[in-house]
Amino acid sequence: MVKGGLLKDDSDWSKAGVKEGQKLMMMGTAGEIVKAPEKGPIFAEEEQVVAVVTCHSAGLVNLGNTCFLNSTLQCLHSVPELRYALIQYPPPVRSNAVDQSSHSLTVATRELFNELDKNVQPVAPVPFLMQAG
């Protein structure tokens with residue numbers, strides 16, 4: 001649009017009132033309009049694909065305002081180094097040298113990631129949320 005009118009491919013730019021050095025924002029498409037796909041997306045849950053380490057997991061259930069937490073956890077779950085470190089994390093210990101709340105949260109994260117790996121249906125992150133408090 002230029003001064004309320006549409007500017008077409010064959011429009012006369014001298015009549016548009018464009019001045020030298022003026023900045024313009026161009027919007028539109030260069031070619032034909034993209035058609036919608038004939039076949040919609042196919043989700044892994046529909047095909048009952050079993051989640052394995054190299055595949056995507058089932059996801060997390062939104063428990064009411066947990067969508068940002070869920071997306072962060074799913075991003076962390078996709079980091080192989082973190083998953084490996086959690087698998088290697090030692091079993092629970094009772095010691096004054098270990099911060100128990102951090103330890104409990106780490107164990108809860110490991111258990112949540114294990115649930116994501118072995119489930120096809122979405123997982124409710126209730127035990128993790130109980131530890132995260």
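## Who touches Leu60?

Set aside the neighbours within four places in sequence, and Leu60 is in contact with Asn70, Leu73, Gln74, Leu112, Leu116, Pro122, Val123 and Pro125. You'll find Leu60 in the loop between H1 and H2. Is Leu60 buried or exposed? With a relative accessible area of 13%, Leu60 is buried, because the cut-off for buried is under 20%.

Leu60 and Leu73 sit 13 residues apart in sequence, and their C-alpha atoms are 8.8 Å apart. Keep in mind that what you're looking at is a predicted model.

## The whole chain

Zooming out, the chain has five helices and zero strands. Follow the sequence along and you read the pattern α-α-α-α-α. Of the 133 residues in the chain, 17% are buried. The chain exposes about 10,800 Å², and 58% of that comes from carbon and sulfur atoms.

How much of the contact picture joins residues at least 24 apart? Counting contacts between residues at least 6 apart in sequence, the share is 55%.

In soluble globular proteins, nonpolar side chains tend to be buried together. Here the largest nonpolar core has nine residues: Leu60, Leu73, Leu86, Ala108, Leu112, Phe113, Leu116, Val123 and Phe128. H4 gives the largest share of this core, four residues.

Leaving out neighbours within four places in sequence, Phe113 is in contact with Leu73, Leu76, His77, Leu82, Arg83 and Leu86. Phe113 and Ser78 are 35 residues apart in sequence, yet 9.7 Å apart in space, C-alpha to C-alpha. Now switch to Leu86: not counting residues up to four places away in sequence, Leu86 touches Thr106, Thr109, Arg110 and Phe113.

Which residues of helix H2 are buried? Across residues 67-77, they are Asn70, Leu73 and His77. Look down the axis of H2 and these buried residues fall within an arc of 65°, so they line one face of the helix. There's a handy bit of geometry behind that kind of pattern: an α-helix has 3.6 residues a turn, so residues three or four places apart point the same way.

Turned away from the buried side, the other face of H2 carries the exposed residues Phe68 and Cys75. And what covers the buried ones? The cover includes helix H3 (80-88), helix H4 (100-118) and helix H5 (126-132).

## How H2 meets H4

Two packed helices are described by the angle between their axes and the distance between the axes. For H2 and H4, the angle is about 80° and the axes are 11 Å apart. H2 and H4 are therefore roughly perpendicular to each other. The contact is made by Leu73, Leu76 and His77 on the H2 side, and by Leu112, Phe113, Leu116 and Asp117 on the H4 side.

Leu73 and His77 are among the buried residues of H2, while Leu73, Leu112, Phe113 and Leu116 are among the members of the largest nonpolar core.

Is Pro127 buried or exposed? Its relative accessible area is 55%, so Pro127 is exposed, because the cut-off for exposed is over 50%. Pro127 and Glu111 are 16 residues apart in sequence, and from C-alpha to C-alpha they are 8.8 Å apart in space.

Terms used:
Residues numbered from 1 in each chain as written. Predicted model: local features only at pLDDT ≥ 70, side-chain atom pairs only at ≥ 80, totals over all residues. Heavy atoms only, no water. Buried < 20%, exposed > 50% of the residue type's maximum accessible area, 1.4 Å probe, protein only. Helix = DSSP H or I, 4+ residues; strand = E, 2+ residues; numbered from the N terminus. Arc of directions from axis to C-beta. Contact = heavy atoms within 4.5 Å. Areas by Shrake-Rupley, 256 points an atom, 1.4 Å probe, with all protein chains shown as cover. Core = buried A, V, L, I, M, F, W, Y, C linked by side-chain atoms within 4.5 Å. Axes fitted to C-alpha atoms, helices over the stretch in contact; angles between N-to-C directions. Parallel < 35°, antiparallel > 145°, perpendicular 65-115°, else oblique.
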